[in-house]
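Subject: Structure handover

Hello,

Here is the structure I said I would pass on. Please look it over before reading my notes below.

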Amino acid sequence: MGGGGQQTDSGEPAKGGVVGPVGGRGGSAVYTWEEVQRHSHRGDQWLVIDRKVYNITQWVKRHPGGIRVISHFAGEDATDAFVAFHPNPNFVRKFLKPLLIGELAPTEPSQDHGKNAVLVQDFQALRNRVEREGLLCARPLFFSLYLGHILLLEALALGLLWVWGTSWSLTLLCSLMLATSQSQAGWLQHDFGHLSVCKKSSWNHVLHKFVIGHLKGASANWWNHRHFQHHAKPNVLSKDPDVNMLHVFVLGDKQPVEVVITILYLFGPPLLIPVFFTIQIFQTMFSQRNWVDLAWSMTFYLRFFCCYYPFFGLFGSVALITFVRFLESHWFVWVTQMNHLPMEIDHERHQDWLTMQLSGTCNIEQSTFNDWFSGHLNFQIEHHLFPTMPRHNYHLVAPLVRTLCEKHGIPYQVKTLKKAIIDVVRSLKKSGDLWLDAYLHK
């Protein structure tokens, strides 16, 4: 690893890919991309940030974002991902210094795998403009009011039962209000999880645990490790957990395609949160001994049963939260998948940051309802390019992103809400056809 450092008489790197001084522990060695790309396996991982080469083999176990998200960039240039995920990259660079083993040789390009250097530079120029214009700065009032409307929905749902009783119609209305508050809390925890609200990351982390733990009963650590993988490699098989789990809902033997599709879009969406995610969350908290997240999660269930046990008893309260989760799950699945599921799903193609995000992501038309209904994830393209950007600024950067995409011939897709939902169904139908064809001809 970095030993050798020999050159041929022609001045080209010797076989092995290392040029310059022997070693590299002090960061004095220089490397070719060929050498860097050989260190992309579990137990031996290097990556490049701003032409600096880092050995992250041991660091991955301590990485706050989890082992997998940083490992997905092993053997690659991770500059754009590094800047995108960290609100204060200069602070994080202090932790990288002990990992520095060298830099790319002067004859090596800054981009790996033949990426378009002009496109990469143009996107980095856009990123610099976004920072200069303050589009990464949040408006505290926006998020305070957003939290307030969630708490108001919770209070109104409970007050409804206190004042008018527990008839079937009122219980249904209460469930709808709780499902709405849970869905909106899901979008809010997403904001805190991306460190896009508070100036200090520590405050974002604390408030993230409050919203996802106390208001929703889930785990911040579980969400972080899962969701950042999705952002790092959207729609990339074996790297994006959101596409790796789709097979969970393709069930049965020789079922007709219609039956498979019925299962997918009638039973899959409502089962995701109350069954699949709930099991995964508690399994993760116990297996990783994450007692802090477990304690936050328990405060949600304690509060919920204290509020609703007097009306419905134990089993009635369990039934209520289960029904609320079913409604919320439908909302969550359709909103999150209409931006991704109809797009390309493929194995790793080592694309630049802009091209990779645009190939797996599309937008939904802006409107007051769409913004609220989706938590501004109708601007999924802008969110994926700038994950720490506060959501109320997506519409400001969208024209700049569109112009950049037009310059480089990258499709920038915007759909109506109706078309997006139809495309999801068509995508599931196509997947069902392929699944059945593969089964019958295996």
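Predicted model: local features only at pLDDT ≥ 70, side-chain atom pairs only at ≥ 80, totals over all residues.

Cavities

Searching the whole structure gives four cavities of 30 Å³ or more. The largest cavity holds about 110 Å³ of space. It is lined by 14 residues, and D77, K115, Q351, D352 and W353 are the closest to its centre. The largest contribution is that of α3, with three residues. Sorted by class, the lining of the largest cavity consists of six nonpolar, six charged and two polar residues. Both domain 1 (30-114) and domain 2 (115-441) take part in this lining, with at least three residues from each.

The second largest cavity has about 80 Å³ of space. Its lining is made up of P234, N235 and V236, together with E344, D346, H347, E348, R349, Q351, M356, S359 and G360. By class, five of these lining residues are polar, four are charged and three are nonpolar.

Pocket

The second largest pocket has a volume of about 800 Å³. Of the 27 residues that line this pocket, H63, P64, G65, F85 and H86 lie nearest its centre. At least two lining residues come from each of β4 (44-49), α2 (67-71), α3, α4 (89-96), α8 and α9 (220-232). Here α4 gives the most, with four residues. The lining of the second largest pocket has no charged residues; 19 are nonpolar and eight are polar. For comparison, the lining of the largest cavity includes six charged residues. As for domains, domain 1 (30-114) and domain 2 (115-441) each supply at least three residues to the lining of the pocket.

Helix pair

Besides its part in the pocket lining, α8 packs against another helix. Helix α8 (residues 201-215) and helix α12 (residues 291-337) have their axes 6 Å apart, at an angle of about 45 degrees. That makes α8 oblique to α12. On the α8 side, the contact is formed by K209, F210, G213, H214 and L215. Facing them in α12 are V292, D293, W296, S297, T299, F300 and R303. Within this contact of α8 with α12, five residues are nonpolar, four are polar and three are charged.

Loop residue

Which residues does C137 contact, leaving aside its neighbours within four places in sequence? C137 sits in the loop between α5 (117-132) and α6 (140-164). With those neighbours left out, C137 is in contact with P390, H392 and N393. In sequence, C137 and P390 are 253 residues apart, while their C-alpha atoms are 6.8 Å apart in space.

That covers my notes.

Regards

Terms used: Residues numbered from 1 in each chain as written. Heavy atoms only, no water. Axes fitted to C-alpha atoms, helices over the stretch in contact; angles between N-to-C directions. Parallel < 35°, antiparallel > 145°, perpendicular 65-115°, else oblique. Contact = heavy atoms within 4.5 Å. Nonpolar A, V, L, I, M, F, W, Y, C, P; charged D, E, K, R; others polar. 1 Å grid on protein atoms, 1.4 Å probe; cavity = no way out; pocket = protein on both sides within 12 Å on 5 of 7 lines; lining within 4 Å. Points joined across faces, edges and corners; volume = space filled by probe spheres on them. Domains from an automatic or database assignment.
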